[in-house]
Protein chains: 2
Amino acid sequence: MKIETALYLIPVGISDGPVADVIPQANIDIIRQIHYFIVENVRTARRFLKKVDKDIDISAITFFELNGHTDPMAVSSYLDPLREGNPVGIMSEAGCPGIADPGALAVRQAQHKSLRVIPLVGPSSILLALMASGLNGQNFAFHGYLPVENTEREQKLRELENQSSRNGMTQIFIETPYRNARMAESLFKTLKPDTLLCIAENITDPFNERIVTKTIREWRVSKFETGKVPAIFLFYCLNPKKELKI
Amino acid sequence: MKIETALYLIPVGISDGPVADVIPQANIDIIRQIHYFIVENVRTARRFLKKVDKDIDISAITFFELNGHTDPMAVSSYLDPLREGNPVGIMSEAGCPGIADPGALAVRQAQHKSLRVIPLVGPSSILLALMASGLNGQNFAFHGYLPVENTEREQKLRELENQSSRNGMTQIFIETPYRNARMAESLFKTLKPDTLLCIAENITDPFNERIVTKTIREWRVSKFETGKVPAIFLFYCLNPKKELKI
């Protein structure tokens, strides 16, 4: 079946597991019909396409690169094939385009020109970590990276913890893998003993996924070591007045 | 292949579209091996299982209901099959369990008992709307429902708008379908002309999905009418100092 002319937001895998574990079949059928892709990194995009379908003819595909180095003025022209009636795909390096990556700029352009935008289902480490954490999913915030400098970071953590204790919000953020251990240290040291902290590592990796929620009190005595691997951190202040303890 | 003994978080469809459009094949293979499900609504869960695989023997499945009427003390016993070595699934009425539904309580119990929790990929209207909105996906917050009463709601909207203009956060919330039109009115009236608002309706519905981002100024003159359908609202204050306009 011929697909609609639209900008397709195409999630890609976030671990080395099989594509069929994390991507619905419909995405694969759509990808096969697209010949123009806006991508964060051409090499990663090619590898993903080959993994989806080894018979895809990469040489027939036009790639436009959109990342921190791209001139924002160029982005509008990336949508020319779409204006001419061809479906266009957007892919980031990992996970869902537009979430914690520069793809949002092309999507906003498309919206600005009233072009149709269709988001496809796929893995988001933020969402999967939140689901598996058991923390509050009715009210949550994603903050990207926190400050690198210790004092500033700990001040930010205290601020987020106060906010969580007032409004029950789950606070979510990421860290560069080689700084995970330092981040964990800051968290154990700064947060209150009853605060629930989830550390989620290697999400969707069939062998190395590890998603663990404990109170700060429990974390302090646990032997858990965070690896230099992709990780998400989530915490939540139990409010004894608002909530039944378990 | 026999699956790991774990609590599986199983997303279900959020529209009437085909299951294969939104659920990876791996989920279906996992679902077939599970005989214990914690569900928000037994009837919806049965219908979803039949849609996944019409040959599933529903009579061989044990369902535990977990929703607003469930005694929190009972939830722990729902995990007994897991402690005895059987995989257990959690499904909400729509979308991802633990996100904006009571499933999180069972997940937190499992985490508390150090049982393995595995989140599966599937549709989340919050995440899909955020991707397709073109708004800031590096920093965002989900607030569930806003106050129903007009004055209170508009005060809350102004508060969220101020916050967004300070820190560039995309603000996300939902509304009961029959109140969508009133919510849209509040938004058009209360927010600043340059604020970008996305209204996302019927996400993943192959025929009726509509995800549109405009400035408040543009919304005020548009003929767009929000339907009595599932919808997500997102807005974001462009900060001219921090960001290139497009």
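How many residues apart in helix α7 of chain B are B:K156 and B:E159? They are three residues apart, so about one helical turn separates them. Welcome to this predicted model, in which chain A and chain B bury about 5,000 Å² between them. Here is a short tour of that contact, one of its helices and some of the salt bridges.

**Where the two chains meet**
- Chain A brings 64 residues to the contact, and chain B brings 63 residues.
- Carbon and sulfur atoms give 60% of the buried area.
- Between the two chains there are 14 residue pairs in polar contact, counting pairs with both residues at pLDDT 80 or more.
- On chain A, the elements that each supply at least two residues to the side touching chain B include α1 (25–31), α5 (104–112), α6 (125–133) and β6 (140–145).
- That side of chain A is made up of 40 nonpolar, 18 polar and six charged residues.
- Strand β6 of chain A pairs with strand β6 of chain B in the antiparallel sense, over three bridges. Here A:F142 stands opposite B:F140.

**Helix α6 in both chains**
- In chain A, eight of the nine residues of α6 are buried, among them A:I126, A:L130 and A:S133.
- After this helix comes A:G134, with a positive phi near 80 degrees.
- In chain B, B:S133 lies in helix α6 and is buried, with a relative accessible area of 0%.
- B:S133 touches residues of chain A, A:V107 and A:Q111, as well as B:C198, B:T213 and B:L234.

**Salt bridges between the chains**
- The interface holds two salt bridges.
- One of them links B:E209 with A:R116, with the closest N and O atoms 3.4 Å apart.
- A:E209 and B:R116 also meet in a salt bridge, at 3.4 Å from N to O. A:E209 lies in the loop between β8 and β9 of chain A and B:R116 in the loop between α5 and β5 of chain B, so this pair joins two chains.
- A:E209 is buried at 10% relative accessible area, whereas B:R116 is partly exposed at 26%.

**Salt bridges within a chain**
- Over all chains, the structure has 24 salt bridges.
- A:K189 and A:E154 form one of 3.2 Å, N to O. A:K189 sits in helix α8 and A:E154 in helix α7, so the pair ties together parts that are 35 residues apart in sequence.
- A:K189 is exposed at 61%, while A:E154 is buried at 10%.
- Back in the opening pair, B:K156 and B:E159 form a salt bridge of 3.8 Å, N to O. B:K156 is partly exposed at 26%, and B:E159 is partly exposed at 45%.

Key
Residues numbered from 1 in each chain as written. Chains lettered and ligands numbered in written order. Predicted model: local features only at pLDDT ≥ 70, side-chain atom pairs only at ≥ 80, totals over all residues. Heavy atoms only, no water. Contact = heavy atoms within 4.5 Å. Buried area = accessible area lost by both parts, 1.4 Å probe. Salt bridge = Lys/Arg side-chain N within 4 Å of Asp/Glu carboxyl O. Polar contact = N/O pair within 3.5 Å; in protein donor to acceptor, adjacent residues only side chain to side chain. Helix = DSSP H or I, 4+ residues; strand = E, 2+ residues; numbered from the N terminus. Nonpolar A, V, L, I, M, F, W, Y, C, P; charged D, E, K, R; others polar. Pairing = 2+ DSSP bridges. Buried < 20%, exposed > 50% of the residue type's maximum accessible area, 1.4 Å probe, protein only. Lists of a residue's contacts leave out its neighbours within four places in sequence.
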